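Subject: Structure handover and notes

Hello,

Here is the structure I promised to pass on. Please open it next to this email and read the two together.

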Amino acid sequence: MGKRSGSKRKDKKNKVILPPELPPEVDDDEVYVSDQDFDFYRRHEFHKFDQEALDRYVGRTAGDEAEVERLYEERNKRKALRPPREEDDDLEVDPVDALPVKTLQGDLVYNRAKKARPEENTGSVKSKAQENGADAKQSVKKDDLTGKSKNKKGDDKVKKSQAEVPKGKLHSDVLEEVKEELSAEELFEKKKAQLAELGMAMLEDPESNIRSLNDMLSISHDKDQKVVKLGLMSLLAVFKDIIPSYRIRQLTEKELAVEVSKEVKKTRYYEYTLIRCYKTYLQKLISLEKQAHFYPVAVRCMCALLDTAPHFNFRESLLASVVKNLSSSDDAVRKMCCETIRSIFINEGKHRGEATIEVVRLIADHVKLNDCQLHPDSIEVFLSLRFDEDIVEDETEEQKGKPKKNKRWQNQEAPKQLPVSDKKKTRQELISKAREEVDADLRAVSFTLDPKERKRIQRETLSALFETYFRILKHSISALNSRSKANIVSPGASHPLLAPCLEGLGKFSHLIDLDFMGELIACLKKLSGYSDRQDEVPHDNKLSVSERMQCCIVAFKVWRSNLEALNVDLQDFFVQLYNLILEYRPDRDSGEVLADALKTLLWEGKQQDMLRAAAFIKRLATFALSFGSAEAIAALVTLKHLLQKNSKCRNMLENDSGGGSLSSLVAKYNPEAKDPYLSGALASVLWELSLLEKHYDISVSSMASNILSMAALNPTQNPVPILNVNPLEAYRDLSIERELSKPASKALSLNLKKKRRGKEFVALSPDVLEKADCSVDQDELKEKLHSHFAVLRGISENERLRAELNHTLSSINMYKEYKKQKKNVKSKIVRKKVARV
């Protein structure tokens, strides 16, 4: 086989290559010779050609075997006479590792490199074209004769590329470059398969393959970011599966000194390796958390570990990192951390409540460190906390049930005790220590807490919770005082945690200690913006309307939850709510908070004072006439409830010329009064209800009609109920209906409403309107009306064109469907004919 292949190569090498066919003959008259051609001919001395050699070479044929043999013998003689070249020490680059360069003459040039020699400072690059025979030389001469400037440029490029080859470049260097140029995807797939193999081995038998964790950790330290992410997620899946349901403690010196069996040694080695790898993994996550590219992945891994195993070792490091990211600027990361903290609060059975108190303390320290300037979600997670109802019981009540011993009898009983020997004392001490150790081990293994221990943990958690809430209230008050002194107008900018703080105080108000009630009510009154002097002009640098309403809600919830022990007058909060109703703006404030305030202060309370109830009835009727249907239905539900509980206020429904027939302290209604007792609402008439009967929303109009029907009933009778819900439920129901019935295509009208609502409402007196200049430029008015109606015409034209387009598209689709059905019918007919044949 070797000889045959060698002979084939020689035949292929010595084969005579016939010249290409000559171009067709052209008449001399058609040939155009320029002066440049003559200059080129004289410069290169083309008249010295060997005419006989050229004729012989061009006129040869493939069948002339004697001529081929003669050329072969001449070539061998020339090779024998040629001096031997010292190429033994040359290293030729393998053609597989370095691709050749093909010249314009059709020759392949391979890059070569020589070994470094002391006598030679430079290495030459040779091509295979220089080692060819005489036939190759003749062909090169012929190409040089017929070549143009393009061939010269091509040869210059080849020589330049040959000169750029680094000198002294060895075969090993080339191989290293080739290895570096391997595909990154192949390496990624290889490491991915390796991670999958190690992970499957760990899941099949963790104790036997625990060393695979070290290999997975080494892969996760790769330079490729994709490999690092894949390694982190793979380790997360493994740790979530193999982490035990108990906390691994460090062995003592006595335990290490005791000889144990092989199984115990194997278990100890498994736990030691697991703890070490787990610690390394957490350190890797904490370090990668500081890098923006790995930040989401690292936080996700930490949240998953904390959610799966909150009882395991190094919980403190995980909690610190997750709590720090509760106020992250990344919405996805912040949401992930909040969900993890909520799961810890809800699933206390996994950690026996120990992680809960740690989280609450960490959040309290985080709020204190950042001076209450965090995202509201940082403390909104407290709403998921759960407390027992009996944790506020004082320990003194437990001591009251125990009988107290008289000091005289105690002094007499002391000498009656018999002396105990030293042996018995040591024995009792050993028994008590053994029992304590056994109890401690049982508590460490079991997830059920002792009732006393659980109560202690909940008390500490509640103390840290209220400490955070009171710190936020104190910071808000100090911020308000500083801003009022500096005359800074920036409502809601310096206390982002106040709204969730008030919501939490309202939820856990029944757990607040009585010693803090008076101070808390005073603090809430100050935050709500109430001032004792009615003539004082309110400052602009207060909280938002929603936050001030929340202060009133929290005050009433605290008062109602401790009604028997707290003796506080809440008239100031009624006055503040009476004034806040007019400051409400739908685009700025929360309607749900307003509905909750109406429910808490007016709907849920006992029978209101007649003057105060009349003032709120008139104020709510005016409010319902001014705002949307959801706010209007909440106000009307509260108004109806007040009329039912205060039957004397139904006189306001009478349409007398002098107003209501019931006299009051103030003979004339004053709508701008700040105190409801000084408004004189009993002297007014609810004329707003007659307008609300024509409201576009059927629920609002029906409720107004139902309220007006109360005028014809006796004071003891009530109308047929329409909505048996409180104001908050009515607001939510109508808000949901309005969102569902809102058209999706009318984006322009929504934008116009937003622009219209963005302006502040200003109540102007008649004197101001008379003094104002109401003159309007007619040209400007015409121009504005023209542009307005042009926009309307454009909108209608756009709608018409869209309708035509939709009609055309539907017609085209119907035609395509018709063609398809017709084609199917024809194919069925053809099939039937074929079947018959």
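Below are my notes on salt bridges, packing, loops and the surface.

First, the ground rules. This is a predicted model, so local features need pLDDT of at least 70, side-chain atom pairs count only at pLDDT 80 or more, and totals for chains, interfaces and linings use all residues. Residues are numbered from 1 along each chain as its sequence is written, and side-chain values use heavy atoms, with hydrogens and water left out.

**Salt bridges**

A salt bridge here is a side-chain nitrogen of Lys or Arg within 4 Å of a carboxyl oxygen of Asp or Glu. By this rule there are 25 salt bridges.

Start with arginine 315 and glutamate 358. Their side chains form a salt bridge, 3.0 Å from N to O. Arginine 315 is in helix H14 (residues 315-324) and glutamate 358 is in helix H16 (residues 354-369), so the pair ties together parts that are 43 residues apart in sequence. Helices (H or I, at least four residues) and strands (E, at least two) are DSSP runs, numbered from the N terminus. For burial, the cut-offs are these: buried is under 20% relative accessible area, exposed is over 50%, and partly exposed is in between (1.4 Å probe, protein chains only). Arginine 315 is buried, at 5% relative accessibility. Glutamate 358 is partly exposed, at 23%.

Next, aspartate 331 and arginine 334. This salt bridge is 2.6 Å, N to O. The two residues sit three apart in helix H15 (residues 331-346), so about one helical turn separates them. Arginine 334 is buried, with a relative accessible area of 9%.

Then glutamate 348 and arginine 454. The closest N and O atoms of this salt bridge are 3.7 Å apart. Glutamate 348 lies in the loop between H15 and H16, and arginine 454 in helix H21 (residues 451-486), so the pair ties together parts that are 106 residues apart in sequence. Glutamate 348 is buried at 16%. Arginine 454 is partly exposed at 32%.

There is also a network of salt bridges. It links Arg361, Glu453, Arg456 and Glu460.

**Packing inside**

A nonpolar core is a set of buried Ala, Val, Leu, Ile, Met, Phe, Trp, Tyr and Cys residues joined through side-chain atoms within 4.5 Å. The largest one has 148 residues. Leu213, Phe239, Tyr281, Leu305 and Phe382 have the most contacts inside it. Contact means heavy atoms within 4.5 Å. Leaving out residues up to four places away in sequence, leucine 213 touches Met202, Leu235, Val238, Phe239, Ile242, Leu274 and Cys277.

Back to H14. Its buried residues are Arg315, Leu318, Leu319, Ser321, Val322 and Val323. They pack against helix H12 (262-288), helix H13 (295-308), H15 and H16.

**Loops**

Aspartate 589 is in the loop between helix H25 (571-583) and helix H26 (591-603). Is aspartate 589 buried or exposed? Aspartate 589 is buried, at 6%. Its side chain makes a polar contact with the side chain of arginine 588, at 3.2 Å. (A polar contact is a pair of N or O atoms within 3.5 Å; within protein, one must be able to donate a hydrogen and the other to accept it, and residues adjacent in sequence count only if both atoms are side-chain atoms.) Not counting residues up to four places away in sequence, aspartate 589 touches Val545, Ser546, Glu583 and Tyr584.

Aspartate 330 is in the loop between H14 and H15. Aspartate 330 is partly exposed, at 29%. A polar atom of its side chain lies 3.3 Å from the backbone nitrogen of alanine 332.

Two backbone angles deserve a look. Most residues other than glycine have a negative phi. Phenylalanine 314, in the loop between H13 and H14, has a positive phi near 60°. Cysteine 372 has a positive phi of about 65°. Cysteine 372 lies in the loop between H16 and helix H17 (377-380) and is buried at 4%.

**Surface**

Leu781, Leu785, Phe789 and Leu792 form a nonpolar patch with about 350 Å² of accessible area together. Patches are made of residues with over 30% relative accessible area and no salt bridge: like charges are joined within 9 Å, nonpolar side chains (Val, Leu, Ile, Met, Phe, Trp, Tyr) within 5 Å. Accessible areas come from the Shrake-Rupley method with a 1.4 Å probe; for residues, only the protein chains shown count as cover. Leucine 781 is in helix H34 (residues 778-836) and is partly exposed, at 42%.

Best wishes
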